[in-house]
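Let's take a friendly look inside a protein and see how its parts pack together. Keep the picture beside you as you read.

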Amino acid sequence: MSEDKFDAIIVGAGIAGATAALLLAREGLSVVVVERGNYAGAKNMTGGRLYAHSLEAVIPGFAEAAPVERRVTQERISLMTETGCFTASFLNGRPGAPDRDSYVVLRGAFDRWLMEQAEAAGAMLVSGVLVDDLLTRDGRVCGVIAGEDKMPAEVVILADGANSQLLERAGLRAEPVGPRQMAVGVKEVIEFDDKVVEDRFNLLPGEGLAWLFAGLPSGGKVGGGFLYTNKASVSVGLVATTAEFMKSERTIHELLERFKAHPAIEPLLKGGKLAEYSGHMVAEGGYDMIPRLYNDGVVVIGEAAHLVINLGYTVRGMDLAAGSAQAAAKAVIAAKQAGDFSARSLAAYKTFLDDSFVIKDMKHYRKFPHFMENSRLFNEYPEMLEKICAGIFTVDGRAPASMLSKLMEPMKEVGLLNLMKDGLKGARSL
Ligand SMILES: Cc1cc2nc3c(=O)[nH]c(=O)nc-3n(C[C@H](O)[C@H](O)[C@H](O)COP(=O)(O)OP(=O)(O)OC[C@H]3O[C@@H](n4cnc5c(N)ncnc54)[C@H](O)[C@@H]3O)c2cc1C
């Protein structure tokens with residue numbers, strides 16, 4: 001590796017790292033991205049849905065050129081029990097708009113493409129290299145250490161994802177992350193002919209489905225399942241909060257197998273070929289989990305800064321990663337112009353981030369992670385809906401109960417007060 005001093009070293013070629021590299025390189029800064037995977041995206045995972053707005057601000061019309069799988073036009077949300085599945089479905093037939101659209105992506109291809117845009121602008125990628133530690137002088141970060149190599153830089157941008165090992169070394173995290181604040185996710189990509197995907201999920205060419213589940217996928221614990229349609233495959237998986245999962249009697253692999261075998265899912269996956277299996281951590285703590293964002297010679301972006309919003313019906317990390325990269329790049333460019341990479345100068349990053357949708361949205365949904373810590377959402381409510389639907393749709397020759405009692409009996413089992421309390425708490429947290 002080079003002994004030259006770079007303006008910026010970015011650790012991690014995910015969406016956060018590649019976006020920051022592109023923006024800095026465009027402004028003529030010397031920037032190198034160090035990525036442990038053999039190529040950008042090799043180690044990266046997501047459920048699947050990228051909200052386009054924030055990357056659109058960096059590369060207008062990116063979806064025309066980037067390897068996106070499908071534009072999401074259908075939404076489904078399900079509450080699933082062992083024997084039932086209650087689904088709300090929405091078909092969005094409105095014409096697409098670049099800053100409002102969302103796309104299903106596969107990170108192996110997408111991150112690689114994004115990093116190529118950064119390289120074309122002048123950034124350098126060093127792949128297959130793990131950053132072991134930060135180089136420091138007088139308590140100030142001044143580069144990275146990878147094996148025997150020391151790489152100096154004016155500023156280090158930590159974009160090393162959910163499980164950042166460098167955050168603490170940079171003095172950005174005082175408290176250890178708790179098991180309630182992290183979840184573990186697993187995903188399979190199952191391949192089909194693209195015509196099969198369209199027929200099974202009732203999609204037009206190029207259009208896609210985002211489907212989220214609560215209840216059975218995470219074993220009735222805090223978490224959820226997901227299914228996204230790619231061009232010629234389906235991404236199916238689940239996320240379970242680490243604290244809950246530690247108490248689970250099933251392994252995460254067993255949970256995934258049970259989810260895939262559910263009667264609502266199994267027929268949709270029939271005949272498919274397993275192409276990819278991956279696992280990854282995901283930050284679930286919301287706004288209260290965000291660490292200190294800058295120090296002398298260092299800033300942290302993307303999921304390394306725990307910038308994720310999981311609302312059950314939508315999961316966002318990738319648009320926040322690109323948004324935080326923009327705020328950090330703006331601050332680093334200003335620091336370069338001022339010739340000052342001290343914490344005082346890099347504090348501008350926090351100001352830009354606070355002013356951006358990233359922190360505004362995270363603050364807005366601040367209470368939601370606490371709302372989710374309620375086992376009724378993952379057990380009693382899916383069961384209640386199953387009982388209500390079974391009551392409404394079953395005809396068995398016996399005298400029918402009134403519609404009111406078909407609705408009220410299952411609701412009483414959960415407790416009307418609980419329903420009111422949870423409804424109010426949920427509405428307030430959104
Ligand atoms: C199961 C699951 C489902 C999700 N679903 C969605 C979704 O549908 N939509 C959405 O927007 N978000 C989703 N997310 C969250 C989203 O994937 C992340 O928030 C997003 O990938 C964060 O991007 P990033 O660039 O910050 O980090 P990452 O994509 O994790 O990139 C970090 C990079 O750093 C590299 N790296 C790490 N350590 C080092 C090191 N020491 N040296 C060198 N390189 C290193 C890694 O190899 C990686 O390339 C999901 C996450 C999971 C786990």
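This report looks at the nonpolar cores and then at one helix.

## A predicted model

Please keep in mind that this model is predicted.

In soluble globular proteins, nonpolar side chains tend to be buried together. Here, the largest nonpolar core has 100 residues, and L24, F62, F110 and L158 have the most contacts inside it. Helix 9 (residues 318-338) supplies the largest share of this core, with 12 residues. Two domains each give at least three residues to the core: domain 1 (6-69 + 105-173 + 291-355) and domain 3 (371-429).

Leaving aside residues up to four places away in sequence, F62 touches L50, A52, L55, E56, V68, F110 and W113. There is also a second, separate core of 23 residues, with L209, W211, L268 and L269 among them.

Helix 15 covers residues 416-429, which makes 14 residues. From its first C-alpha to its last it reaches 20 Å, close to the 20 Å expected at 1.5 Å a residue.

Which residues of helix 15 are buried? They are N418, D422, G426 and S429. Seen down the axis of helix 15, the buried residues fall within an arc of 70 degrees, so they line one face of the helix. An α-helix has 3.6 residues a turn, so residues three or four places apart point the same way. The cover over the buried residues of helix 15 includes helix 11 (357-364), helix 12 (368-372), helix 13 (380-393) and helix 14 (403-414). On the other side of helix 15, L417, M420, A427 and R428 are exposed.

Conventions
Residues numbered from 1 in each chain as written. Predicted model: local features only at pLDDT ≥ 70, side-chain atom pairs only at ≥ 80, totals over all residues. Heavy atoms only, no water. Core = buried A, V, L, I, M, F, W, Y, C linked by side-chain atoms within 4.5 Å. Buried < 20%, exposed > 50% of the residue type's maximum accessible area, 1.4 Å probe, protein only. Helix = DSSP H or I, 4+ residues; strand = E, 2+ residues; numbered from the N terminus. Domains from an automatic or database assignment. Contact = heavy atoms within 4.5 Å. Expected span 1.5 Å × (residues − 1). Arc of directions from axis to C-beta.
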